Amino acid sequence: MLGTAAAVLFFIAFLINAADISTNDVFTSSNVMLIGLTLLALHVAGIGSGWSGRSRRR
């Protein structure tokens with residue numbers, strides 16, 4: 001789920017940068033990209049994946 005959210009944020013950052021859309025200081029393309037990188041790092045770390053690695057089923 002977090003990987004999908006990161007991909008959406010990367011696409012939004014690309015559109016802001018490619019279309020040269022002027023936004024306020026909070027929603028610049030680099031800030032949106034950094035939020036996407038944070039979500040991607042959380043996804044790779046296993047947070048929000050929905051799978052629990054500790055529980056085993058016999």
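Predicted model: local features only at pLDDT ≥ 70, side-chain atom pairs only at ≥ 80, totals over all residues.
Does V44 count as buried or exposed, and at what relative accessibility?

## V44 and the end-to-end pairing

V44 counts as exposed because its relative accessibility is 68%, and exposed here means over 50%. This valine lies in helix α2. Its C-alpha is 8.2 Å in space from that of G3, although 41 residues separate V44 and G3 in sequence.

## The nonpolar surface patch

V44 also belongs to a nonpolar surface patch of about 450 Å², which it makes together with M33, L34, L37 and L40. Another member to look at is L34, found in helix α2, which covers residues 29-45. L34 has a relative accessible area of 48%, so it is partly exposed.

As a general point, nonpolar side chains tend to be buried together in soluble globular proteins. In this chain, the largest nonpolar core has seven residues: L2, A6, L9, A13, I16, V32 and L39. Two elements, α1 (2-18) and α2, each give two or more residues to this core. The most comes from α1, with five residues.

## The chain as a whole

Stepping back, the protein chain has two helices and zero strands. Of its 58 residues, 16% count as buried. The chain exposes about 4,900 Å², and carbon and sulfur atoms supply 63% of that area.

Methods
Residues numbered from 1 in each chain as written. Heavy atoms only, no water. Patch = residues over 30% accessible without salt bridge, like charges linked within 9 Å, V, L, I, M, F, W, Y side chains within 5 Å. Areas by Shrake-Rupley, 256 points an atom, 1.4 Å probe, with all protein chains shown as cover. Salt bridge = Lys/Arg side-chain N within 4 Å of Asp/Glu carboxyl O. Helix = DSSP H or I, 4+ residues; strand = E, 2+ residues; numbered from the N terminus. Buried < 20%, exposed > 50% of the residue type's maximum accessible area, 1.4 Å probe, protein only. Core = buried A, V, L, I, M, F, W, Y, C linked by side-chain atoms within 4.5 Å.
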